[in-house]
Protein chains: 2
Amino acid sequence: MNVLIIFAHPEPNSLNGVMKDLAAKTLRDNGHEVKISDLYRMRFKAVLDENDFSQRQNAEQFNPMMEQVNAVGTGSLSQDIKDEVEKMKWADMIIFQFPVWWSSPPAILKGWFDRVFLPGVVHNIAEGKMYDTGLLKGKKAMLSFTTGAPKEVYSSEGPHGDLNDIFKFITHNILEVTGLEIIPSIGIYGPAMTSKEHVKEELEKFKERINSL
Amino acid sequence: MNVLIIFAHPEPNSLNGVMKDLAAKTLRDNGHEVKISDLYRMRFKAVLDENDFSQRQNAEQFNPMMEQVNAVGTGSLSQDIKDEVEKMKWADMIIFQFPVWWSSPPAILKGWFDRVFLPGVVHNIAEGKMYDTGLLKGKKAMLSFTTGAPKEVYSSEGPHGDLNDIFKFITHNILEVTGLEIIPSIGIYGPAMTSKEHVKEELEKFKERINSL
């Protein structure tokens, strides 16, 4: 299958970078095709603004959603967005690899959703096409992450709560809206607060999960 | 009291802009001091990266959290972050005014948290200072927003679920971690899909809420 990895860590030699490389290698070894959007290295523009739209539908007042609908209709999306849309259409599966900052993805990854998850491309709300009838139906998505805090802090009894529950704002409210099927997330918790041995074991488990895809 | 409004919509004449202006005027009329961080107009840098750190603790490998701890310790934060930290310290209350994009704030606002909510400024995890002992204890915060979808879609029986539940990833996992006391959120749902009269009524309710602060 075709796998797109959206990578959102500023440091290539971080544990996130290691996970991204391990996932890509493992998938390729298993005969899959892999493309990577390395958002930091691409200097991906995080902020949805007027500069995304060369042909304004309304030049007086900027309404982001209306301009997105118009730009998709006229094919006047900016090139960086077109490129991401093409990769997304190509992919059978999208893996999001990111560090958890404030129980959520870095701004650059939120910006990828703001700019690339376009009306008419991932859903068509006017025609009621979302969730089971979302336009990305048939594709799969998985979150893969690291946290600063250890697992206990992110347990259902811990102060932050269960991270898989917290992440419903992504898995349900962003990904499932488009029809994407969610594959259970995989994360390495608090790598900076544990032994190198333990991180190595976690990477082995990670590789097994990637192998099972 | 001192109120800081963090405003995260690209269009000053949007309904979000109207809400921001109405909140500022109402608060000032009531004798409060108001400062506004208009993130789009400030061209606020959304992406936490190496450029935030002039004096690297580790020049070889970029670890964002470690560099934040170091920069707070040495006072070497970049000026735009220092300015936001000053405003935050000055404030007794912070109001976040934003459009809901994908059931969450725009990337530029997530970036504000990534870059301004610093270890040693909003919490001190090493010393266990978070939640009830968070460093912003004594201050208050409120989310104020607009949505594209109507209220039914964001109800507990609706496809997206109750937005106040979804927003726990902000109110609990970002704001309460720092000790901030949460004031119930206020939102205008689906203004583009309703009558001007209804929006006017919603703005009246909004003004009443601001008056009650």
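Author: In this predicted model, helix α4 of chain A and helix α4 of chain B, residues 107-116 in each, pack with their axes 8 Å apart. The angle between these two helices is about 175 degrees. Angles over 145 degrees count as roughly antiparallel, and α4(A) and α4(B) are therefore roughly antiparallel to each other. On the chain A side, the contact is made by A:Ala107, A:Lys110, A:Gly111 and A:Asp114. From α4(B) come B:Ala107, B:Lys110, B:Gly111 and B:Asp114. By residue class, the contact of α4(A) with α4(B) holds four charged, two polar and two nonpolar residues. Gly is counted among the polar residues here.

As for the chain around the helix, chain A has seven helices and five strands. Read from the N terminus, the order of its elements is β-α-β-α-α-β-α-β-α-α-β-α. Chain A has 213 residues, for which the globule rule gives a radius of gyration of 17 Å; the value for the chain is 18 Å, close to that, so chain A is as compact as a globular protein of that length. The C-alpha trace of chain A spans about 55 × 40 × 35 Å along its principal axes.

Among the contacts in chain A with a separation of 6 or more, 76% are between residues 24 or more positions apart. Of the 213 residues in the chain, 56% count as buried. The accessible surface of chain A is about 9300 Å², and carbon and sulfur atoms account for 49% of that surface.

Notes:
Residues numbered from 1 in each chain as written. Chains lettered and ligands numbered in written order. Predicted model: local features only at pLDDT ≥ 70, side-chain atom pairs only at ≥ 80, totals over all residues. Heavy atoms only, no water. Axes fitted to C-alpha atoms, helices over the stretch in contact; angles between N-to-C directions. Helix = DSSP H or I, 4+ residues; strand = E, 2+ residues; numbered from the N terminus. Parallel < 35°, antiparallel > 145°, perpendicular 65-115°, else oblique. Contact = heavy atoms within 4.5 Å. Rg over C-alpha atoms; globule rule 2.2 N^0.38 Å. Buried < 20%, exposed > 50% of the residue type's maximum accessible area, 1.4 Å probe, protein only. Areas by Shrake-Rupley, 256 points an atom, 1.4 Å probe, with all protein chains shown as cover.
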